[in-house]
Amino acid sequence: MANVRVSEWRKLPVSLAELCIDTTLRCGQSFRWKKLQDNEWSCALHGRILSLKQDSTHLHYRTIKPSLSHLLSPPASQRSSTIEGDGEGEDDDTESLIRHYLNLGPDLTALYEHWSSVDPNFKRRAPKFTGVRILKQDAWEALICFICSSNNNIARISQMVHNLCIHYGPLIGHIGDQPFHDFPTPEALTAPGIESHLRELGFGYRAGYIAKTASIVAKERPKGWLQSLCNPELFDSGMDQKGLPDGGREGYRRAHEELLKLQGVGPKVADCVCLMGLGWGESVPVDTHVWQIAQRDYKFGKGKNKSLTKATYDAVGDHFRALWGKEAGWAHSVLFAADLKTFSERLTTKLEVDVDEVEIKKEDGTVLESKVVVKREYILDEVKDEFGESKDGIVLESSRSQRAKRRRLLV
DNA sequence: CCTTAACCTTCACT
DNA sequence: AAGTGAAGGTTAA
């Protein structure tokens with residue numbers, strides 16, 4: 001196998017309120033992280049495989065880098081293994097990469113407090129979704145990933161992105177037999193015949209969008225064009241709404257406008273790129289989920305804003321910017337996460353556990369089998385308007401699958 | 001400016 | 001078991 005350098009585990013002090021990787025890496029803002037083993041997340045970034053895990057007080061990380069020294073390395077007989085120990089010294093830039101990518105600067109606890117103080121709905125929904133941090137992803141990767149996201153679900157988006165990386169991105173290394181590729185460059189995605197190939201790979205109509213957008217970015221835009229749309233200012237505590245215009249700052253509006261000129265990029269995708277790739281905190285992507293949240297909790301969907309037209313789209317964003325302030329898109333992502341089916345189990349709190357003994361008998365009363373069945377009762381924690389019918393807030397089954405599981409037990 | 005239909009594919013649910 | 005609808009939408013008419 002290839003020579004690689006595996007670093008030791010290192011750690012940064014981070015509380016779960018400031019960052020919860022299990023939520024942040026699954027909430028649909030990034031699509032390449034893989035959970036390989038016991039709560040260890042890995043992804044290829046900037047020429048290395050970065051692995052993360054966390055406990056209640058620290059974020060732990062390590063890297064696997066391809067070794068350049070194999071060109072002049074001693075014969076295998078003189079080495080104990082192909083894996084060398086912690087090769088990095090003081091020149092390791094991994095910590096700064098992590099701080100940047102995970103956007104560890106902002107005081108998330110303070111931000112949650114602010115959003116809670118101005119919005120009772122946020123205050124009610126957010127407690128079970130703490131530690132949701134907006135990542136600073138590569139803008140090009142975010143652009144292509146969110147082009148893939150149209151009319152799609154997170155599982156398939158992740159599969160499509162994986163396919164992109166496998167076929168067009170550079171191989172960085174392996175963990176076990178799992179290959180890790182970095183995200184392909186715009187140039188790589190202008191390869192001849194890429195559209196039909198992507199169609200074969202199951203991208204559907206998005207194949208054309210990706211091919212066209214890659215071509216525009218690689219050939220019709222100056223180098224560094226996408227990065228030039230970035231928010232230049234460092235994060236300031238950002239809780240002042242002063243100086244935040246209705247439609248957001250000028251730089252944000254310009255970035256959004258520029259992105260709309262690409263293929264397969266509408267208002268929602270452009271906002272995702274602005275928020276997660278370009279650092280514009282006031283960007284509020286309004287998708288079907290957020291539209292439903294806006295109707296359910298913020299009185300949208302009536303009168304002038306009956307359907308999600310462009311005008312309504314802007315009105316929803318403006319409403320949230322006025323309510324939450326400069327980092328409105330961040331607050332929006334917390335509520336979005338709270339609405340994902342992936343996390344729906346968190347909305348139900350175990351109320352009690354009943355243990356029943358069930359006997360299976362023949363007609364004559366002979367006991368064939370006796371087993372213990374655990375019956376769970378759930379109460380919806382202050383959320384009484386979704387996830388199943390609630391009777392006085394009490395729901396006997398949290399989901400259909402729960403019901404099916406129990407039926408299986410009883411048979 | 002608003003409204004519709006078409007667009008690829010997968011998967012859970014009926 | 002085949003059919004339907006929705007999944008972090010965008011485009012063209």
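**A helix end, a helix face and a strand**

Guide: Gladly, and please keep in mind that this is a predicted model. Let us begin at one end of helix H11, where Asp287 caps the N-terminal end, with a side-chain oxygen 2.7 Å from the backbone nitrogen of His289.

Visitor: Which residues of helix H11 are buried, and how are they arranged around the helix?
Guide: Helix H11 covers residues 288-297, and its buried residues are Val290, Trp291, Ile293, Ala294 and Asp297. Looking down the axis of H11, these buried residues fall within an arc of 160°, so they line one face of the helix.

Visitor: Is strand E4 enclosed or open, and why?
Guide: Glu40, Ser42 and Ala44 point one way from E4, while Trp41, Cys43 and Leu45 point the other way, and all are buried. With six of the six residues of E4 (residues 40-45) buried, the strand is largely enclosed by the rest of the structure.

Visitor: What is the bridge partner of Ser42 in strand E5?
Guide: Strands E4 and E5 (residues 48-54) pair in the antiparallel sense over five bridges. On another strand, E3, Lys34 has Ser42 as its bridge partner in E4. In E5, the partner of Ser42 is Ser51.

Visitor: Which residue takes a positive phi in the hairpin of E4 and E5?
Guide: This hairpin has two residues between its strands. The residue with a positive phi, near 50°, is His46.

Key:
Residues numbered from 1 in each chain as written. Chains lettered and ligands numbered in written order. Predicted model: local features only at pLDDT ≥ 70, side-chain atom pairs only at ≥ 80, totals over all residues. Heavy atoms only, no water. Buried < 20%, exposed > 50% of the residue type's maximum accessible area, 1.4 Å probe, protein only. Helix = DSSP H or I, 4+ residues; strand = E, 2+ residues; numbered from the N terminus. Arc of directions from axis to C-beta. Polar contact = N/O pair within 3.5 Å; in protein donor to acceptor, adjacent residues only side chain to side chain. Pairing = 2+ DSSP bridges.
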